[in-house]
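Colleague: Please show me the model. I would like to go through its helix packing, its core and its loops.

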Amino acid sequence: MTEKRRIHTYAVVEEARKLSRRYGEDMEKAELAALCHDFFRGVSETSLNGYVRQLALAPVYLNNANLAHSKIAAVILEREYDIKDQDILNAVRFHTTGRANMSRLEKIIYLADAIEPNRSYPGIEEIRELAGQDLDRACLASLEHSIEYVNCRGLYLDQNTVMARDSLINSMERKEKTNE
Ligand SMILES: [Fe+2]
Ligand SMILES: [Fe+2]
């Protein structure tokens with residue numbers, strides 16, 4: 001792990017601790033997921049491509065370190081590091097894209113990765129503020145920011161991110177209705 005990645009990882013652990021305390025998540029699970037989330041981030045693209053083939057992951061993960069690192073990490077953590085908790089593995093697996101019906105832990109890791117103190121991008125302060133108030137609204141703001149970022153640059157938009165956004169909007173609307 002490079003120094004930069006190490007600093008980022010421990011900052012994500014700290015952020016995940018804060019969010020877990022705030023939203024009542026299991027602290028140990030959050031710490032472990034945060035600690036492992038970028039396990040394969042510094043690995044070369046050639047090596048990641050080797051894993052994508054070996055693990056029979058979808059071809060879309062070839063030459064795409066940004067998406068592949070989380071999928072590979074989840075498989076290797078289960079197989080070789082004996083982490084069997086599917087919630088932890090899914091938090092690692094979907095930390096880059098999000099997905100529909102994310103668990104609380106998945107939301108916490110997704111968000112912690114996006115707002116840890118070393119991150120800086122337009123709109124981050126609003127997401128950080130929301131993170132202290134409402135986990136769903138903060139996640140939604142972060143997902144919308146990612147979609148906009150990817151679309152503006154003409155990059156590949158993973159459909160899990162769109163589905164994560166839509167499912168959050170739906171579940172927030174449902175919650176509002178039951179509160180009415
Ligand atoms: Fe990552
Ligand atoms: Fe990360």
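Colleague: Which handedness has the crossing of H3 and H4?

Modeller: This is a predicted model, where local features need pLDDT of at least 70, side-chain atom pairs count only at pLDDT 80 or more, and totals for chains, interfaces and linings use all residues. Residues are numbered from 1 along each chain as its sequence is written, and chains are lettered from A and ligands numbered from 1 in the order in which they are written. Helices are DSSP runs (H or I, at least four residues), numbered from the N terminus. A crossing is left-handed if the near helix is turned anticlockwise from the far one by less than a right angle, right-handed if clockwise; that of H3 and H4 is left-handed.

Colleague: Why is H3 called oblique to H4?

Modeller: Axes are lines fitted to C-alpha atoms, for helices over the stretch in contact, with angles from 0 to 180 degrees between N-to-C directions. Under 35 degrees counts as roughly parallel, over 145 as roughly antiparallel, 65 to 115 as roughly perpendicular, and the rest as oblique. H3 (residues 45–54) and H4 (residues 65–80) have axes 10 Å apart and pack at an angle of about 50 degrees. That makes the pair oblique.

Colleague: Which residues make the contact of H3 and H4?

Modeller: Contact means C-beta atoms, placed from the backbone, within 7 Å. H3 gives Glu 45, Leu 48, Tyr 51 and Val 52. H4 gives Ala 65, Ala 68, His 69 and Ile 72.

Colleague: How do H6 and H7 cross?

Modeller: The axes of H6 (residues 104–115) and H7 (residues 124–131) come within 10 Å. H6 passes H7 in a left-handed crossing. The angle is roughly 140 degrees, and the two are therefore oblique.

Colleague: Which residues of H7 touch H6?

Modeller: From H6 come Leu 111, Ala 114 and Ile 115. The H7 side is Ile 124, Ile 127, Arg 128 and Ala 131.

Colleague: Which residues have the most contacts inside the largest nonpolar core?

Modeller: Such a core is a set of buried Ala, Val, Leu, Ile, Met, Phe, Trp, Tyr and Cys residues joined through C-beta atoms within 7 Å. Buried means 20 or more other C-beta atoms within 10 Å, exposed 12 or fewer, partly exposed in between. The largest core has 42 residues, and its largest share, 8 residues, comes from H6. Those with the most contacts are Ala 16, Ala 33, Ile 109, Leu 111 and Ala 112.

Colleague: What does Ile 109 touch?

Modeller: Residues up to four places away in sequence are not counted. The partners of Ile 109 are Ala 16, Ala 33, Ala 34, His 37, Ala 91 and His 95.

Colleague: What covers the buried residues of H2?

Modeller: The buried residues of H2 (residues 27–36) are Ala 30, Leu 32, Ala 33, Ala 34 and Cys 36. Their cover includes H1 (3–23), H4, H5 (86–93) and H6.

Colleague: Is Asn 101 buried or exposed?

Modeller: Asn 101 is in the loop between H5 and H6. Its phi is positive, about 55 degrees, although it is not a glycine. With 11 other C-beta atoms within 10 Å, Asn 101 is exposed.

Colleague: Where is Ala 56?

Modeller: Ala 56 is not a glycine, yet has a positive phi of about 55 degrees. Ala 56 is exposed, with 6 other C-beta atoms within 10 Å. Its place is the loop between H3 and H4.

Key:
Contact = placed C-beta atoms within 7 Å.
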